Structures are given as structure tokens and as C-alpha cells.
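Subject: Structure handover

Hello,

Here is the structure for you to look through. My notes on it follow below.

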Amino acid sequence: MNSFNFVKCNRAALFFAMALLPSTMMFSQSKKNDSTTQEKKIEEVVLIGYGQQKKEAVTGSVSSLSAAALKEVPSANVTEALQGRLPGVEIGRTSTKPGSEQQIRIRGTRSLSADNNPLIVLDGIPFAGSIGDISPSDIKSMDILKDASATAIYGSRGANGVILITTNRGVSNQKAKLSYNSFTGVQTLFSKYDMMNGNDYAKLRKLANLYSNGTDEKEGMNTDWQSLFYNPAMITSHDLGLTGGGEGGSYNVGLSYFKQDGVVPLQSYQRYAMRASVDQKINSFLRFGLTSNNSYSINDGNNINPGTILGYSPLIDPYNADGTIKTIANHSIDQSYIYSREGLSKLGDAYVDQTRAFASYNNIYGELSVPGIQGLKYRMNVGANIRISDTGSYTGMGVFATNPLTQSSANISHSLMTQWVVENLLTYDRTFGKHKINAVALYSAEEQKFNRSHVKAVDVPIDAFQFYNLGHAQGEITIDPNQQNYYKRGLVSWMGRAMYQYDNKYMVTATLRSDGASVLAPGNKWHTYPAVSVGWNVTGESFMEKFTFVNLLKFRAGYGQTSNQAVLPYSTFGRLGTVPYNFGNNGTGSYEIGNYVTRLPNANLGWEYSQTYNYGVDFGFLNNRITGTVEYYNTKTNDILLDKNLPTTSGVTLVTTNVGQTQNKGLEVSLNAQVIKSENFSWDLGANFYTNDNKVTALNSGQTQDEAMGWFVGHNINSIYDYQYTGLWQAGDPYLNILEPGGNVGMIKVLYTGGYNADGTPQRAINSQDRQIIELDPDWQGGLNSRWAYKNFDLSVVAAFQHGGTLVSSLYGPSGYLNRLSGRGGNVNVDYWTPENTDAYFPSPNGVRSGDNLKYSSTLAFFDASYFKIRTITLGYNFNKNVLDNLKLSNFRIYATVQNPFVFGSPYHRLSGMDPEPNSTGTENQAVGSQYQNRILLVGTNNPSTTNFIMGLNLTF
């Protein structure tokens, strides 16, 4: 947040501050007997948790993003707006479905099995809900706390970084202002999945010589199943707000509506949101306020798998003789239910898949300025949050099945989350000459409860019932213990922080916090961790006076410890599983439910904690027309919460223990420049760049690798263990029969790591010893943003980039069943080896196979993950004062935005034409059991990426 204080009573200056400054800046005016000085003071302020601080005095690592920057990327939630904007903040796309949330990682992944998500603090209260419940239009600013010296104030919840979200509030002594912000647009496919056409597919089938045409297939057909399935989809948003204030008080209320239809039929996401905030000063020493953020969302069709259509043969005629779309088609050896726009639209009551969620996040505060002690304040924050989610699905008889008599089925699930938080804060803030002191003491307690239930039924008698009354089901009604959940967890904390500043030159901050977590074992529930950081503002020194072009040069360093108690509640107690047993007497009591131990208790389970060193320099040159930050950090995480495998003779397979270590270290650079500034034209440019070197440094009991989980000491947490593609075997290669006995020309050639005989021949054949550790994370990444303004016009561009790393695409690997090169089902369009095309990258279709796929086909899923993406381009126009006066408006802006229009420098994009950003998790939408961990993000058969064309307007009355 930026704070402007105009000592001189100047109406023009006030109009400038109120009407033109970004929403993250605030202003004030003071008078002194109507006489003024010529002094104007400008200070930039950032939130640091339980307070705020001038940016020039901050000693920890903090990055900020304003509401104006967030609005440059119109979206369902703020995670998409963060991508590429802040160094060290990585947004991983887990899904492209409407309303989907993205994965946030701040300075890498620390834990192997516990939660790696950052803590979100909404208006000062730790947030336990879904970030999708927060409407982006309600957000005033976001501040990201990244290093331990900054996050230690939030204790065990801050181990993965902290995101401070501040929502819109009113302004005292301001007349009521009504605002309306809206955008609407259309989503189109960025690119279809690159599948073979009919002619190429027929040629492939003949070369593979494994399958012949099915009864619905015929030569000469070229059916584009994607054109019959996907459709352009609308996206729209409306936000209405009222803000104002009187003497000593302010208010802000608003309503918003967001809807995003999917390019996949029947998919959509809707959110209704209501917000309200009130701040009121009672007298000179007492004030209070409250904030309420509420939302109701509806998500439809989330479980429709669009990848199914990619497996259809292009040789199938999609229409029946009467011109209707087919629902079942015969391939070479099997049948498929046909998903199509037309077919899905006709299902009516025979299919529904809907999740409805209501969330309310509320907090109230009271603040007392202690009479007689200047600078001493007591504040109590109370938060009360609730989130209710109900999911229901129904699939009618024969729907999505090749057997029209397949029984109908329905599922319902209900979840309820409640949370309360109470924080007691004592703050002392005084300035004594050149000395400035700020001290905060905190005692807090919180509790969170969660309950989930799930019921499944089959043979619902009529479609009209859908999932609303499962008691009418004529088949089995199942309550699976594995689908039910309940927990209660609590946290009690003490914290103290002291900040000292001398003469705006020397700064030190020290924090000590102690947390007690209910989820850990007795004797290990409490952990205390310190943090300290220092800063030196060199520009305050007298020897810098001659360097007039230097406006800011500040060095800072920090050390801190944070911890992570994000294990499942009751992990210390162990866990029981259930199993039915048949006694075989065919009468009452034939079946009984037995219990067995699946996880041993661990009475010594304790905290997973991280230690971070952070070094940074902040600078500003040429009247702050060039500003930036350079930082280096090193985080070591110890006593990692990890499941330990037990010998089978113990009768139990797992126990959760504190073992293992990881390390994250990296460099971050951010730079902002006002390149051109003139009366009618300006150009602002921003860039950020960052690296994160992430690796496992220790595992269970001295292990160096855990193949099943994909963890390898000395390597990235996100790694894959597989063979390394080196090319294709060609005719005349003397080592083919040695390294691949029974192999064929045109098959995949992988790296051989064994020894060689004296004559240079390999000593053995390729085997599992030749597998390599393939690291996925990029070498470096970052973003660019540029804004040009000419008179009333402005043009802005936001871009993101990354270099190196490995991209996994299940379309080209074996688990997606879309690159089998066998002619059994639809195949991605690849350049494969033939005797006439020996320079191809992909293997011969009639080579050695491993199951349904060609041998070593898993190596075909890996690509260079580099890319440079233009994320948004926005052209806007701000109407001038004459138009505003005629329309009785104080602000009127229209704009047009295109999202995700271009990709450059991506090997995957060059091959496939597709977006190189992931759209799926590792186990999602796989045709067979996935070889990837769910934490691995990959390009799969989820919803394809879209390019969006949007028009919007901003009005203030």
C-alpha cells in the first residue's frame, strides 16, 4: 500500500490522489491555521503481518501486487493473476476446468508428504477456506511474505510462505460512491489436440498390421471428433460496489456475480459473492470494525472426461442413417460410448454432476488506544468461518456405457468446515527523536472442524429422482468407510516481535513465536522458533549525498525458523482399516466387519521445521524511475514428516515419522522502470527472474532413493525414474542385437550406462540399471509486464517464461493410450519411423511391444519445458473529464483483453501446437495406472487451454 500525506491544502492534489492514484495508495490532508509549508512527503507502505511498515524500513522478504495489477488478468480467482508477476511465487496449473484453482508454491516445495500450500490471511485472519471463494474484484492488494524472518510471525502455518489478502474498505469523510465493473467474453480453443486424420490413421493401421476396421469404420472417413465435442464458451463477471464514510467511520458493501462456461459441454462454474466492511471510531481511543466475505458457488459437469473422445477412430462415421449422432460405435475390437455436444445436450435428467458450496468468512475487531500511554494499543481479532459443500451426481441407465442395460447410479457427499480464531494483540509504536520502536505481543487460539459423508446407490428407478432421494434406489446403497472423514484440530500460539529503527538508516527486527498443535504427540506438541533480520539504508549516510542519482540503496539480511505441523489429525494414534469377512453360513451374520491396523501409532511424532537465511538489496535510481530488488535465500527443512515402510513381518505397512531432509535455495531479481515519462506519453516496464534449486538431502534410514515415491537424494523432489531416449535404432548398427536382443530397426534407443569390452562392444543388454533420474523443475523462470499510455489510451502486456526442466505429456506417453501406434484407437499425429523415413523421432509402429505400447514408449512423454507466453494483452480507454461531467460519472473506462494468445520458444508447442503449460495432475485422466505421482503436473487429456477475448468496463458514479 502507498500512503500520500499532503500538508498543503490543495484541491488539485486531492483530486489527483482520489481519482487517479491506484487503489493501493491512500491519501490524507492536514491543515494548520490555513497556512502551509512547501513540504510534500510520499511514503510507500507494505503489510508485514499484524501491522504495516514503510517499504524502505522492511528487513524481510516481501513482495506486493496491487488491485490494478490483479485486474489485468480477468479470471475466476486470483491465482491466475499471480503467474509471472512476483519473483519466487510459482503458479502450477492443475486443471483448466471452469473455476479451477491452481497450485501456489512460494520458493519451492519443502515437504515430502505434508502440506506445501502457503498460508492465506484474509483481512488479518488466517483463512481455512478455498481461495476460489474470494472474488478477485473484492481484493485491494496482496502482499507475499517469503522468507522465515517475515513469515515467523505466523509460526507453524507460515512455513510455506504467507499471502496477505486485503479486501476493499471504505474511506472516512467521503461521499457515497457507487461503482460497477463488468467484463464478458468468449473462450475458444488455444489449439485442438493434434490427432491423426483419417488417411494418416488408416496408413498407420496397415503398417502396424495388428487391427482391421470395425463395423462402424470405413476407409475414406475423416471424422474430427473434437469439432463435434468442444464449443466456444462464454465468461462474464459483474461487480457492484458502494463505498463511503462519515466523520470517524467508513463502509464498503458489494455484490458480484461470475460465470464461466466450459468448452466441454455441460461444464460451468458460477459464483455469487457478497461483501461488507465497516470501520467506526467511537471516540479518541476506541474503534471497532467488521468484515464479511460470503460466496455461493455452483460447479457443473466437473467429472466429464474430455480425453475419451481422443481415443475414437477417425474412420468411424459419427451419424446414424437417420442423421442422428451415434451414442455407441464399434472400433476394431471393442465398442465406445460416443461423447458429443449433441448427445450430451439430449441427456436431460439422465445425467447431472453438480457441486454447490456456500462459504462465509467473517471477522470483527476492537481496538483500544490505552489512555495515558502514547503509542500503546490493545486489539482483539475474532474470526468465525464456515464452508458447506454438497456434491450430487447421477448417471442414468446405459448413460456413458456400451451396455444400454447398465444400472443407473447416484452419489451424494456433504462436507462441513467450521473455524474460529481469537487473537489478542498488544502493540507499542513510538518515535523518540531518531529512534523508532514498534513492538507486538500476541496470544491466539484457533480450532477447525471438518466432517465429510458420502453415500452411493445403484438402480435409481426414474431419472427424475436423480440424487435427491437415494432411499428410493432399488439396488445396493453403500456407505464406504474410506469415503467418510472427520477431524478436529487446534492451535495455541504466543508471539512477540520487536522492530527498531535508528535515523531511517539502521533497522533490526526480532521475532519469537511458540506454537502448540493438537495433531502432534504429547511431549512434542510445542515448538518455539526465532527469527531476526537487519537492514542498512545506505542512502541515509552522509557519504551518499554526492550520489544524487541514488534514491534508495538498502542491504538486508535475515535468519528464521518456521515449522510445519500439517499432518493429518490423529496420525499419532495410528489407523485402523475395515474388511468384510464371509463366515459362509448363508444366514444371518454371514458377513461381519473386521478391523486391522494399517498404520502404527507414533508417540514421538513432532514438528517438521525449516531454517532460512535470506540476503537482499533494494535499490532506486534516477528519482526512483528505476527500482528493484535482488535476493538470495537458502532454506533447509529437517525432520520431515514422512511415511516409513515397515517389514511385512510386522503385520503393518506404515508409520509416520520425522525423517528426511530437503533444501531449497535460489536467486530472485525484480526490476521496474519508468522508461518514458512525458506529458502525453509514458512507458512503464517491469520484469522478474528467479531460480529455485530444490533437492532431497536425506530419506528414511539412510536410503538414497525411494523409487515408488519418486524421491532421490541429491535430486529434485519432482523427479521421474525412467529410461532416457537417445534416438531410434537404424539399419547396420552393430550393437542392436547386443543391447536389445530380439529388437528391431526403428525401435526406441535408450541410454546405456554399462561397461564395454576391450573391443568396444557393450558387456550386457539394456536393463533396469540404465534408468535415469529425470528432474522436472525448470532452471529459471519469471515474467514481464509493460504498459504504454498515450493521452487517454493505454496498452498493457503481461508475459511469463521459464527455461529448462522437463515437461511430461501423457498424450505422447503410454499411460494416455493415445500414442500406441497400433491402430487400435485414435493416435496423436506423430512423425514415425519407416524404411523411407528414417530421420523420424517416433518409433516404427510394427516394432517390439511391451503390452499395448511400444517398448520404452514412456520416454516419448518427456519434452523440454521451456516457453515464453504472452498471458494477456489489454487495450483501454479512459474517457476525459468533459464526458464524465456530462454523464455524471467520476470514472469511465472501457477495455478489450485477449488472454493466452501466443507461445514462443517451446519445443512442445512446436511439435503439437498446444499450450506447454500443464493442465492435469499426475494421476488424472489416465487410461491405465499412471506411472506418475499425483504431485507431478503434466499436459494430459483434461480440458484444453483456451484463448479468451474479453470486453469490459469500469464505472464510478
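**Aromatic pairs and other findings**

The structure holds 38 aromatic pairs. Rings of Phe, Tyr and Trp (its six-membered ring) count as a pair if their centres lie within 6.5 Å; planes under 30 degrees apart are stacked, over 60 edge-to-face, and the rest tilted. This is a predicted model, in which local features need pLDDT of at least 70, side-chain atom pairs count only at pLDDT 80 or more, and totals for chains, interfaces and linings use all residues. Residues are numbered from 1 along each chain as its sequence is written, and side-chain values use heavy atoms, with hydrogens and water left out.

Phe619 and Phe621 are stacked, because their ring centres are 5.4 Å apart and their planes lie at 15°. Phe619 is buried at 14% relative accessible area; Phe621, at 25%, is partly exposed. (Buried is under 20% relative accessible area, exposed over 50%, partly exposed in between, with a 1.4 Å probe and protein chains only.)

Tyr723 and Tyr856 have ring centres 5.0 Å apart and planes at 65°, so this pair is edge-to-face. It links distant parts of the chain, 133 residues apart: Tyr723 is in the loop between β39 and β40, Tyr856 in the loop between β47 and β48. Both Tyr723 and Tyr856 are buried. Strands are DSSP runs of E, at least two residues, and helices runs of H or I, at least four, numbered from the N terminus.

Ring pairs also join Tyr725, Tyr812, Tyr841, Phe842, Phe863 and Tyr908 into a cluster.

Two charges sit over rings (NZ of Lys or CZ of Arg within 6 Å of the ring centre and within 35 degrees of the ring normal). Arg379 has its charged end over the ring of Tyr365, 4.0 Å from the centre. Lys749 does this over Trp729, at 4.5 Å.

Now helix α5, residues 198-208. Its buried residues are Gly198, Tyr201, Ala202, Leu204, Arg205 and Ala208. Just after α5, Asn209 takes a positive phi of about 55°.

Last, the strands. β24 (485-502) and β25 (506-517) pair in the antiparallel sense over 12 bridges; pairing takes at least two DSSP bridges. Ala498 has Ala510 of β25 as its bridge partner. β25 also pairs with β26 (526-537), antiparallel, over 11 bridges.
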